[in-house]
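Me: I would like to learn how to read the packing in a model of this kind, taking one feature after another.

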Amino acid sequence: MERQWFSTCCVLLLLVLVSCNSSFAAAGAKPLYLKYKDPKQPVGARIKDLVKRMTLEEKIGQMVQIDLTVASSDVMKNYYLGSVLSGGGSVPSPKASAAAWVNTVNGLQKGALSTRLGIPMIYGIDAVHGHNNVYNATIFPHNVGLGIGAATAKEVRATGIPYAFAPCIAVCRDPRWGRCYESYSEDHTIVQKMTEIIPGLQGDLPANSRKGVPFVDNGGTKVAACAKHYMGDGGTTKGINENNTVISMNGLMSIHMPAYLNSISKGVATIMVSYSSWNGKKMHANRELVTGFLKDKLKFRGFVISDWQGIDRITSPPHANYSSSITAGVGAGIDMIMVAYNYTELINDMIYQVKNRIIPVSRIDDAVKRILRVKFVMGLFEKPLADLSMVNELGKQEHRDLAREAVRKSLVLLKNGKTADKPLLPLPKKAAKILVAGSHADNLGNQCGGWTITWQGQTGNDLTSGTTILKAVKSAVAPSTQVVYSEQPDASFVKSSKFSYAIVVVGEPPYAETQGDSLNLTIPAAGLTTINNVCGSIKCVVVVISGRPLVIEPYLAKIDALVAAWLPGTEGQGVTDVLFGDYGFTGKLARNWFRSVSQLPMNVGDAHYDPLFPFGFGLTTEPIKS
């Protein structure tokens, strides 16, 4: 009887305590103090406090990045996932609005925040020439022409995303590489200068910042950047994507490393590892360069992220011995794994390896501390959810005007007149009748190239909003000028139509990565036929839309004026701004224009250096005073 009375009293006392605690909570009593949630605490103290509270499963979850297509609020919650990405073409819905993107990102974030510790996830996206995955965004020229940071950051933030996988600081040494248009130059000094895009994306580094520590302005208009692909991705044999870069340590350090030094000194938050190998060793498994050099010697304190399924590709064929690839990749120093889809396999294997002391807990802790450092620095813990206040930044006219300016400044005039004393450009706006021809004249998809809405890009005019070169020509000329468009006119039509002059726009179809690898680098046959038919009959300017120099011989003699327009993006008026003389040509080649592919690889300083147009070449014109 006494025992029963005692048990009853204990239960009643417990109920009273629960009731009192509930009353305190309802009365607004202070919640339990958690140091890691206190923004007044130093970042280091917050990291230390949070890491000691985390279970192994929670730590490993932070290291995993999955694709939007397999992500949900429940998945984020159940696996404690640290990150989600949108790969090329991975969108909430076709032509999704900025608001729809914000709602999607926030929905996933709420799942992450509902976990025991409430660690926010970081959402990343390939915004490599503007916010290129998103419908109606401003598509800037690809890096082969120019790089823009601040406006891209605003458009990315407009969709609720705080992390961009940019810039690509590859030094493309061979234009046969399908990613050459993602590279600023064959010359590392130009690539180094272009790391100035990092403050554009992340914000200006405070004067008292420690070298190697990541910095992202947390005012809501900036994003975490990602220098990629570490390293030597632009130096592979014959430009074959994801292949082997055969070069001495001195060569690697003097050509491919310098831009990483600049990026780290500017507070870059993350660095992505390259699929490629260095002298036969996969970069995703290269502990010497990832941990030994990048982390230990250069004191980089942000996080290192794999490329898309990069761990899988340590083996050939990919995923052949996944467990050993995880050991090698995590052991090399990769902190966040862009696993994309098979996250449960990755998580289970990593838990097994840590519990069996194959991967040390210290390596996991290092990775998690780095990921949390970036999240704390960005202010994600204080403001994890995006709002709709910036949706109007997407495709904003101010950004389109900036892109238009970028286009006209990035164009390079390679030839102007069959003799120097008789230039064709600038073209007269007032003419009786002009011809616009070629596969790329009225094709927004071709004009933008790969990594536009989808991974590979697509041909045609319905992928996003923008202005084709044909449309820009019609807007630029005098009202009395008749503009005739024919994609592939025959020679007899051209000769008999009494055109004043012709604008021929030809080039490469859209492509990305391996699909762009090319051993011949020729303009497609239809484009060459158009050049022959038009330029063999009347005065013509040929505008080449391409991600790299292409073989132009033996057609150059027929062409009156030749313009390298690279991949200009959505703002085609930038091309006509200089063709018609509203602005002068000022651009210079950031890579040499070879004569034939038999010369490749060929770079400034090589013994066999004999380009058609040398590095740094570019004719100029004066604007027409109106």
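Me: What should I know about the model before reading it?

Reply: This is a predicted model, in which local features need pLDDT of at least 70 and side-chain atom pairs count only at pLDDT 80 or more, whereas totals for chains, interfaces and linings use all residues. Residues are numbered from 1 along each chain as its sequence is written, and side-chain values use heavy atoms, with hydrogens and water left out.

Me: How many residues does the largest nonpolar core have?

Reply: A nonpolar core is a set of buried Ala, Val, Leu, Ile, Met, Phe, Trp, Tyr and Cys residues joined through side-chain atoms within 4.5 Å, where buried means under 20% relative accessible area, exposed over 50% and partly exposed in between, with a 1.4 Å probe and protein chains only. Here the largest one has 108 residues, and Y230 and L372 have the most contacts inside it. Helix α14 (residues 361–378) supplies the largest share of this core, eight residues, helices being DSSP runs of H or I with at least four residues, numbered from the N terminus. A second, separate core of 73 residues includes L435, V534, L562 and M602.

Me: At what angle do α2 and α14 cross?

Reply: Axes are lines fitted to C-alpha atoms, for helices over the stretch in contact, and angles run from 0 to 180 degrees between N-to-C directions. The axes of α2 (residues 43–53) and α14 come within 10 Å and cross at roughly 130°.

Me: Is L113 buried or partly exposed?

Reply: L113, which lies in helix α5 (residues 98–113), counts as partly exposed because its relative accessibility is 28%.

Key:
Helix = DSSP H or I, 4+ residues; strand = E, 2+ residues; numbered from the N terminus.
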